[in-house]
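Subject: Handing over a structure, with notes

Dear colleague,

I am passing on a structure that I have been going through, and I would be glad if you kept it open while you read. My notes follow directly below it.

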Amino acid sequence: MISVEHLTKCYGDFTAVDDLSFEIVEGHVYGFLGPNGAGKSTTMNIMTGCLSATSGHVRIDGYDIFEEPNKAKKLIGYLPEQPPLYMSETPLEYLKFVGEAKGLRGAELKKQIEEVIQRTKLTDVKNRCISALSKGYKQRVGIAQALLGNPKVIILDEPTVGLDPIQIIEIRDLIKELGKTHTVIFSSHILSEVQAICDQVLIISKGKLVAFDEPSKLEKLLMTTNEIIITSDATREEIKETLADVNHITDMSFDERNTEYAVAHIRTDHDNIYDISGAIFSAFAAKGKVLLEMTLKKANLEDVFIELTENSNKDNASSGSETDMEITESEEVVR
Ligand code: ADP
Ligand code: MG
C-alpha cells in the first residue's frame, strides 16, 4: 500500500529523517512512535506530499508521491499536526470547501459530508462556528476532512495532543473504528496510546527506524533482560551461596536502600522466567533459607522503547545537548 525507501530529509546540515525504509500494508492500524523531534511529522509530511524529500522514494499504491502527486494524494487523507481549520466557518461549510477541493460535487459531496459527520459524531455541532468548538471537536473536524474523498489510507499526526482525558479516549475509539475500514497511520509520543490502538508499531528515534513489529513481539525482544527481585532475611553472602548452582543467572546486584532485609535484583538470559523463579525457590527451600518476597519484572513495551531510543541516542552522542533533552522528554512521557 505504501512503500518508503531510503527516505532522507535534511534541513541545512541537520538530518531530520535518516535513510528511513518501511512498508505499510492494507488493513492495519500503524503507530508511529517516537520522542519529540524524532522526525515523525517530517516523515508524514513527506508521505502525504506536503514536503519535499532530500532523497529517497515514497510510493502510494505504486504511485510515486513526487512524480504523480495527484494520483498518490487521492489515496491519502491527512490530519497534520496543526490542522488547517477555518475558524470563522462551521464544520458543514468547511467540509463542503474541503470536499470541493478534493473534486467532489453535487449529490456525492452531500452524501460524503453526511457520512463523515456521522462517523466523527459532529452532528450536534455541524452548524456552530469552528472557533467556538472544543479542541476535541476541532480534532474531529480535522479527521472528518481527512475522510472526505474516501481515501484508502488515513494519516493522523499526533491526533490526541492537547486533548483532555475524555476527549483522548473518544479520539482513540474513533481511530480504532476507522481501522475497521481504512489503513490508519497515526503518530504519538505516548506509548500506552500506541499499545492500546495499533497492531503494528514503528519506533523512530533521531530520524531512524529503530523497531517495526507487533506490540507483543517488541516486548519479547527484551525478554532476555527479565529481572527477578527477591527479598530475604538471609545475608547477601548466604543468598549468593544459595544461588551459586542456579543456571542462567547472568547478574545479581543488591538494593542499597533496604537495610533490614537483603533485596537482590537477579537478571537472567533464560526465555522462560518461571523456570528461573522456580529454580530460585527450590534452591532457597533446599538450603532452608526464607524467601520473603519474589517479584518478576517482565519487559514491557516501555522498556523496549527506552532501550531502543536510548541506544540510538548513544550512537548519536556527538550531537550534544539536544540528545540529552530528548532522552529526558521520552522518559517523562513514558514513566
Ligand atoms: P517529531 O514530529 O517527531 O516531533 P519533527 O519531524 O517535527 O519531529 O522534527 C524532526 C527534527 O527536525 C527536529 O529536530 C526539528 O527541530 C527539525 N525540524 C523540523 N522542521 C524543521 C524546519 N522547517 N527547519 C529546520 N529544522 C526542522
Ligand atoms: Mg511532530
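A word that comes up throughout is "buried", which means a relative accessible area under 20%, while exposed means over 50% and partly exposed lies in between (1.4 Å probe, protein chains only). Please keep in mind that this is a predicted model, in which local features need pLDDT of at least 70 and side-chain atom pairs count only at pLDDT 80 or more, whereas totals for chains, interfaces and linings use all residues. Residues are numbered from 1 along each chain as its sequence is written, chains are lettered from A and ligands numbered from 1 in the order in which they are written, and side-chain values use heavy atoms, with hydrogens and water left out.

The whole chain

The protein chain has twelve helices and 14 strands, where helices (H or I, at least four residues) and strands (E, at least two) are DSSP runs numbered from the N terminus. Of its 335 residues, 45% are buried. A contact here means heavy atoms within 4.5 Å, and among contacts between residues at least 6 apart in sequence, 67% join residues at least 24 apart. The chain exposes about 16500 Å², of which carbon and sulfur atoms supply 49%; such areas come from the Shrake-Rupley method with a 1.4 Å probe, and for residues only the protein chains shown count as cover.

Helix α5

Which residues of α5 are buried? They are Gly-136, Gln-139, Arg-140, Val-141, Gly-142, Ile-143, Ala-144, Gln-145, Ala-146 and Leu-147. Because ten of the 13 residues of α5 are buried, this helix is largely enclosed by the rest of the structure. Its buried residues pack against β6, α3, α4 (106–119), β7 (153–156) and α6 (165–178). Just after α5, Gly-149 takes a positive phi of about 85 degrees. Gly-149 is also one of the residues touched by Gln-112, together with Leu-104, Leu-148 and Asn-150, if residues up to four places away in sequence are not counted. Gln-112 is found in helix α4 and, at 8% relative accessibility, counts as buried.

The two ligands

Twelve residues lie around ligand 1, and Gly-37, Gly-39, Lys-40, Ser-41 and Thr-42 come nearest; a residue is near a molecule if one of its heavy atoms lies within 4 Å of it. The polar contacts listed next are pairs of N or O atoms within 3.5 Å. A polar side-chain atom of Tyr-11 lies 3.3 Å from a nitrogen atom of ligand 1, while a backbone N or O atom of Gly-37 lies 2.7 Å from an oxygen atom of ligand 1 and one of Ala-38 lies 3.1 Å from an oxygen atom of that ligand. Taken alone, ligand 1 exposes 560 Å², and the protein buries 63% of that. The elements that give two or more residues to the shell are β2 (14–24) and α1, with α1 giving the most, three residues.

Ligand 2 is a magnesium ion, coordinated by Ser-41 (OG) and Glu-81 (OE) at 2.0 to 2.6 Å. This pair links distant parts of the chain, since Ser-41 sits in helix α1 (residues 40–47) and Glu-81, 40 residues apart from it, in the loop between β6 (76–79) and α3 (91–101). Donors are N, O and S atoms within 2.8 Å of the metal (3.2 Å for Na, K and Ca), and water is not among the atoms, so sites may look incomplete. Is Ser-41 buried or exposed? Ser-41 is buried, with a relative accessible area of 18%, whereas Glu-81, at 41%, counts as partly exposed.

Glu-158 and its contacts

Glu-158, in the loop between β7 and α6, is buried, with a relative accessible area of 8%. Not counting residues up to four places away in sequence, Glu-158 touches Asn-36, Lys-40, Glu-81, Gln-139, Ser-187, Ser-188 and His-189. The C-alpha atoms of Glu-158 and Ser-187 are separated by 4.9 Å, although these residues are 29 residues apart along the chain. Asn-36, in the loop between β3 (29–33) and α1, counts as partly exposed at 34% relative accessibility.

With best wishes

Key
Polar contact = N/O pair within 3.5 Å; in protein donor to acceptor, adjacent residues only side chain to side chain.
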